[in-house]
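Here is a short briefing to read beside the sequence and the model. Points are grouped by topic.

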Amino acid sequence: MGKLLKNIILFLIPILLMIVLLPVNKRFMYQGLKDDCSNIGIWVHDRIFNNPRAIDIAFLGSSRTMNSISDRLISDSIPGREAVNFGYCRFGRDLNFVLIKDIIREKSLRNLVIEVRENENRFSHPIFPYIAQSRDVVLANPIYNADLLSNAWTHFSYKIELTQDFIYQHDSAAPIRIGDFGFAPVEGTASSSSLDEIKQMRNIPKPEVMKIIQDFHASFARAYLKKISKTCSERNIDIYFLYLPSYGSNSDKPKEYDTYLKYGVVLIPPNDIFEDQINWYDENHLNQCGAKKLSIWITKQINLKWKQHVIN
Amino acid sequence: MIIISSTIDYIIGLKLHITTIKSHRKLLLIVSLLVNLGILGFFKYFNFFIESFNELLSIFPINLDSSTLKIILPIGISFYTFQTLSYTIDIYKKKIEPTRDIYSFFAFVSFFPQLVSGPIERASHLLQQFHEKKAFNHKLCVAGLRLMLWGFFKKIVIADNFGILADSIFNPDLSASGLTIIIGAIFFAFQIYADFSGYSDIAIGIARMFGFDIIQNFKTPYYAASFGEFWRRWHISLSTWFRDYVYIPLGGNKGKISRVYLNISITFLLSGLWHGADFTFLIWGGLHGLVLIIEKHIDIKLHKIYYYPVVLICVTLFWIPFRAEDLGHLADMVNSVIHLSSYSFVQIEQIVSDFSMIRFSTLITVLVAFMGVEFLMKSKDFNEWVGDRRRITRILIYYALIFAILLIGNFSVKPSFIYFQF
């Protein structure tokens with residue numbers, strides 16, 4: 001059996017090496033996300049790599065960030081500073097890591113604002129294997145990364161698909177979104193009754209998860225936060241953690257508050273923004289009105305921190 | 001379902017062995033047939049019969065509000081039902097003795113490599129293998145890996161690529177022209193062969209790695225020189241099942257010629273129905289039965305080289321009813337095919353262009369190479385054929401297959417096999 005295994009491994013090594021080292025155009029990788037999240041992937045790529053405008057403040061997070069933070073408003077309010085909202089549908093800490101690596105490769109970032117919620121997600125972001133480098137996919141820690149194998153499969157088969165598209169000149173061009181800002185405002189207000197119902201449901205006490213399990217679940221996010229922090233500290237980038245809870249949340253601060261404090265400043269917006277039903281599009285997303293209030297508040301906070309920074 | 005069906009057949013098998021009274025033995029066999037075919041009939045054909053009955057009644061002014069059920073087809077039911085049935089019938093016919101080892105029997109029925117889509121095994125061949133002690137066997141393991149590689153190549157490169165083309169053509173919204181449908185039938189012929197024989201190779205390969213021998217299910221069927229030969233090379237485990245448990249018990253080749261034709265017709269109509277609960281499958285089975293009857297009747301003496309294209313063209317065109325979504329879709333397609341005025345290359349050009357012309361040319365090149373290898377293989381399987389080559393040639397063949405999978409294999413389709421639905 002040993003001989004057979006040895007022969008199989010020797011036979012497969014050149015093929016595996018070829019797949020791992022297969023060079024794929026970064027834009028192709030983002031372009032392949034054309035059917036996802038209103039085709040924002042290609043815009044993210046072009047804003048980082050093709051748009052010559054600076055990125056001083058980057059917002060990373062999910063659709064909550066995308067819908068809640070007006071980067072244009074923040075940029076206009078802070079002269080000489082360019083804020084960009086890189087919110088992308090769904091949640092997963094590893095995507096933040098991939099994006100921050102791409103941003104700092106191209107731009108001189110000064111502040112990074114990362115969305116945090118009541119709890120950390122223990123799963124990989126669905127688009128992580130599509131835009132991450134092979135090294136980041138393969139070397140992800142297997143102990144707490146439940147998606148390691150599926151991510152590796154998705155990543156390498158996607159690379160092969162992109163190579164095939166290149167060879168066969170398959171037209172996979174995505175409609176290109178132009179613009180300097182990523183904020184995607186949503187109009188409309190959630191019905192009061194639906195929000196009340198959700199609040200009631202959230203008030204039902206849930207059994208407490210054992211500490212050891214909580215820690216195990218949080219370890220995926222913690223590991224990526226550590227990596228992000230290391231990458232940022234090497235380039236003197238300040239990290240802010242912006243708390244964006246759901247409507248009717250019982251937590252006044254995130255569960256991983258202490259972890260965030262180790263790496264940066266935690267920004268907890270005032271309750272009146274989140275408690276006022278008029279600010280919500282649905283139970284997870286602020287509408288344009290809520291986004292404006294939140295963006296003004298964030299602008300003040302960033303200005304304040306910068307002033308403090310200058311004084312120090 | 002599989003547990004119910006297996007338990008009943010296990011018990012009936014033991015009872016059949018100890019019972020000597022003919023009527024009791026017959027009763028036991030009938031119970032087994034009723035239970036197995038009853039379960040299969042309910043899950044697979046209940047809605048079909050209800051719908052057909054309603055349609056029939058709608059011709060007359062009778063309105064019976066018989067509604068259909070939302071039934072989920074248990075995975076592999078058509079395959080394991082036939083496998084357990086053959087076990088009981090073989091014991092009844094005293095061809096085999098029942099096993100007392102319930103674990104072996106359950107393993108025989110639910111053996112994972114071939115549970116979902118066959119090959120349909122016989123107890124006389126597979127069951128006794130569960131009684132043997134298994135140990136790692138280098139030669140069998142290599143043989144299994146070779147077959148799996150060949151199966152994956154067929155599935156990912158040939159089947160999944162032709163599948164995209166065939167799906168575009170057989171999309172009922174397309175209103176395909178006659179020529180498009182004929183080309184679609186050719187694409188589907190390659191798809192279904194590579195898909196099903198690829199699955200069979202993978203199943204046989206996995207089983208062989210574990211030290212089990214499963215029967216070869218395909219022997220280069222598209223090189224068959226007659227319809228009879230085609231059925232000796234296509235889905236061998238099913239066609240031999242129908243031969244042994246339907247055709248021969250009906251009388252087979254014995255008796256009046258009209259009786260033989262009737263036997264052929266019944267066997268092929270049932271074989272069509274086995275594939276799916278739809279009239280399109282019945283038509284497909286019926287057409288195959290019909291050409292076999294014609295072949296038998298006129299006792300064709302044509303030279304192989306002249307008759308071979310006739311067989312290939314008919315077999316390919318017969319895939320049209322098999323692939324049709326329903327009778328209405330089939331009628332539309334037949335209408336297009338018989339109207340020569342609708343023959344145009346425009347649709348095909350568009351479909352190939354959407355697929356990518358370079359990819360299509362590469363696919364055709366790979367297909368030619370594949371059919372060439374199939375021709376050289378004759379009745380051997382891939383393991384035997386490649387095993388006869390020199391070591392360096394073998395390694396080059398393995399690399400060629402893997403590179404073909406990587407360069408032209410389709411990774412974007414949902415992993416599924418056509419015969420999973422049966």
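**Briefing: sheet, chain contact and domains**

Strand β1 (residues 57–60) of chain A runs parallel to β3(A), and the two pair over four bridges. Strands pair here if DSSP finds at least two bridges between them. Helices (H or I, at least four residues) and strands (E, at least two) are DSSP runs, numbered from the N terminus.

This is a predicted model, in which local features need pLDDT of at least 70, side-chain atom pairs count only at pLDDT 80 or more, and totals for chains, interfaces and linings use all residues. Residues are numbered from 1 along each chain as its sequence is written, while chains are lettered from A and ligands numbered from 1 in the order in which they are written.

**Confidence**
- The model scores ipTM 0.72 and pTM 0.82.
- Chain B has a mean pLDDT of 90, and 95% of its residues reach 70 or more. pLDDT is the predictor's confidence in each residue, from 0 to 100.

**The sheet of chain A**
- Five strands of chain A form an open sheet in the order β2-β1-β3-β4-β5, with parallel pairing.
- Its edge strands are β2 (83–85) and β5 (265–267) of chain A, each pairing on one side only.
- From one strand to the next, the twist averages 20°.
- Helix α6 (residues 93–106) of chain A packs on the sheet and touches β1 and β3 of chain A. The direction of α6 makes about 160° with that of β1(A). Axes are lines fitted to C-alpha atoms, for helices over the stretch in contact, and angles run from 0 to 180 degrees between N-to-C directions.

**Strand β3 of chain A**
- Six of the six residues of β3 (residues 111–116) of chain A are buried, so this strand is largely enclosed by the rest of the structure.
- A residue is buried if 20 or more other C-beta atoms lie within 10 Å of its own, exposed if 12 or fewer, and partly exposed in between; C-beta atoms are placed from the backbone.
- In a regular strand the side chains alternate between the two faces of the sheet.
- A:Asn111, A:Val113 and A:Glu115 point one way from β3(A), A:Leu112, A:Ile114 and A:Val116 point the other way, and all are buried.

**Where chain A meets chain B**
- Eleven residues of chain A are in contact with 13 residues of chain B. Contact requires C-beta atoms, placed from the backbone, within 7 Å.
- α1 (2–21) and α9 (148–167) of chain A each give two or more residues to this side of chain A. α9(A) gives the most, with four residues.
- The chain A side divides into six nonpolar, four polar and one charged. Ala, Val, Leu, Ile, Met, Phe, Trp, Tyr, Cys and Pro count as nonpolar, Asp, Glu, Lys and Arg as charged, and the others, Gly among them, as polar.

**A:Trp153**
- A:Trp153 is found in helix α9 of chain A.
- A:Trp153 counts as partly exposed because it has 13 C-beta neighbours inside 10 Å.

**Domains of chain B**
- Chain B is divided into domain 1 (2–130) and domain 2 (139–226 + 300–421). These bounds come from an automatic or database domain assignment.
- The contact takes ten residues from domain 1 of chain B and 13 residues from domain 2 of chain B.

How values were computed:
Two residues are in contact if their C-beta atoms, placed from the backbone, lie within 7 Å.
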